[in-house]
Amino acid sequence: MGCCLRAAPSSSFLLTCVKGPANSKSSSYSRRWYNPVRRKSSLLIPDTDRQWVTADNNRTHLLSEERFTVVSYNILGDRNAFKHWDLYRNVPSIYLKWDYRKRVICEELIGLNPDIICLQEVDKYFDVLNIMEKAGYLGSYKRRTGDYADGCAMFWKADKFQLIEGESIEFKQYGLRDNVAQVSVFEMRKAKSRRILVGNIHVLYNPRRGDVKLGQIRFLLSRASILSKKWGNTPVVLAGDYNSTPQSAIYTFFSSSELNIMLHDRGDLSGQKNCRPTQALGIRREQGSLFVWMDRFLHSSWTNEEIKSATGGTDSRVVRNPLKLRSSYAMVKGSAETRSSNGEPLATSYHSKFLGTVDYLWFSDGIVPTKVMDTLPINVLKKIGGLPCQKFGSDHLPLVSEFAFIQGSKDENETSNFLIS
């Protein structure tokens, strides 16, 4: 009897055997070979379904019927995915290709059905626009200055919102690198008294340049505050990749009224250094070499130029926040498997050199989050091994929050009283 293996569909093999002339008769048969490896891998696929978490509040009667949903999503620029290939060693090459990621990202966005979408690291804007326009969205885009291909993009449902004012910010004009931001004021078509200001930013990545990060955020807050007052103290939502963790001084600045920069190491304002996967997953590594301590010493002091970048002037040591902001995820209690002690997601981004949270949806007075889409547990991300993956087209997870206007909100204490209750 002779046997041969030949490839068959669905990654298994077809075993074909031909019998010799036994009893003057010939016969043949074929049967499919069972591949235990393929079966085992299918059983190991983790549950990546994300769940809505609803805010627990007994004063929902104070909320208006007008609701809107906002998404913030760093979609990983096509150029960056291959320029920084070392970050994605655990990712199959098919999941890094833009044609695949574009389909997955746009299908996810359309499936979420948000009213306003804020994207960062967009270098194929028209590819995304062509798909989103067919789904009923309008869009705007601001590319980074300098030799960069990516930028920030904003999309909104044409039948629900009307853009009444928009501006783009080029931080290079203020000596704050090539990053950009968008600020847009929208009006609801069916309730013209309802307006919302939405900001979108991708803050500088460099962990050592906390002064530039703080300067970019300070300027965005200033512009958002000015436009909000121009349009009758319109509520504000600020989306983006802030490249700062919930344990950082920059996060504290967002959630408070001011920050004295001299109390902090400018090289660690963002907290990014403590979010390597080996640390987040509890894998012990030796730390504390002479070079590490030298680096901390060299970057702890502030020059006049850095003080100016952070605060806007060399005479000031304090940077102030003109808006009273809260994080939507921190305000909606989630699972202990997905949230840290301060309520923020344990991770919104994951690649070979980072596992942690840097993306946020901040909101001001006049609105409150009614629900958010929870992120993935750390153990699920660990099983995936890194992003992008089959289901998620970026190394970030999209943040999604539904907001409601507070009826009769006339002062800044109304939102606080609602949330405290």
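Student: Which residue of E12 stands opposite isoleucine 201?
Tutor: This is a predicted model, in which local features need pLDDT of at least 70, side-chain atom pairs count only at pLDDT 80 or more, and totals for chains, interfaces and linings use all residues. Residues are numbered from 1 along each chain as its sequence is written, and side-chain values use heavy atoms, without hydrogens or water. Strands (E, at least two residues) and helices (H or I, at least four) are DSSP runs numbered from the N terminus. In E12, the residue opposite isoleucine 201 is glycine 240.

Student: In what sense do E11 and E12 pair?
Tutor: Two strands pair if DSSP finds at least two bridges between them. E11 and E12 have six bridges. The sense of this pairing is parallel.

Student: How many bridges join E10 to E11?
Tutor: E10 covers residues 180-188 and E11 covers residues 195-202, and the two run antiparallel. In this pair, glutamate 187 stands opposite arginine 195 in E11. The number of bridges between E10 and E11 is seven.

Student: Which strands are at the edges of the open sheet of six strands?
Tutor: The order in this open sheet is E9-E10-E11-E12-E18-E15, and the pairing is mixed. An edge strand pairs on one side only. The two that do so are E9 and E15.

Student: How many of the six residues of E12 are buried?
Tutor: Buried means under 20% relative accessible area, exposed over 50%, and partly exposed in between (1.4 Å probe, protein chains only). In a regular strand the side chains alternate between the two faces of the sheet. Val236, Leu238 and Gly240 point one way from E12, Val237, Ala239 and Asp241 point the other way, and all are buried. The count for E12 is therefore, with the cut-off of under 20%, six of six.

Student: How far apart in space are valine 236 and valine 185, C-alpha to C-alpha?
Tutor: Valine 236 is in strand E12 (residues 236-241). Its relative accessible area is 0%, so valine 236 is buried. Valine 185 is 51 residues from valine 236 in sequence. From C-alpha to C-alpha, the two are apart in space by 9.0 Å.

Student: Is arginine 326 buried or exposed?
Tutor: Arginine 326 lies in strand E15 (residues 326-327). Its relative accessible area is 13%. Arginine 326 is therefore buried.

Student: With which side chain does the side chain of arginine 326 make a polar contact?
Tutor: A polar contact is a pair of N or O atoms within 3.5 Å; within protein, one must be able to donate a hydrogen and the other to accept it, and residues adjacent in sequence count only if both atoms are side-chain atoms. For the side chain of arginine 326 the distance is 3.5 Å. The partner is the side chain of aspartate 365.

Student: How many salt bridges does the model have?
Tutor: The rule for a salt bridge is a side-chain nitrogen of Lys or Arg within 4 Å of a carboxyl oxygen of Asp or Glu. By this rule, the count is 19.

Student: With which residue does aspartate 49 form a salt bridge?
Tutor: The closest N and O atoms of this pair are 2.8 Å apart, and the partner is lysine 391. The pair links distant parts of the chain, 342 residues apart: aspartate 49 is in the loop between helix H1 (36-43) and strand E4 (52-54), and lysine 391 is in the loop between helix H11 (378-384) and strand E20 (399-406). Aspartate 49 is partly exposed at 48% relative accessible area.

Student: What is the relative accessibility of glutamate 167, the salt-bridge partner of arginine 223?
Tutor: The closest N and O atoms of arginine 223 and glutamate 167 are 2.9 Å apart. Arginine 223 in helix H5 and glutamate 167 in strand E9 are 56 residues apart, so this pair too links distant parts of the chain. At 21% relative accessibility, arginine 223 counts as partly exposed. Glutamate 167 also counts as partly exposed, with a relative accessibility of 22%.
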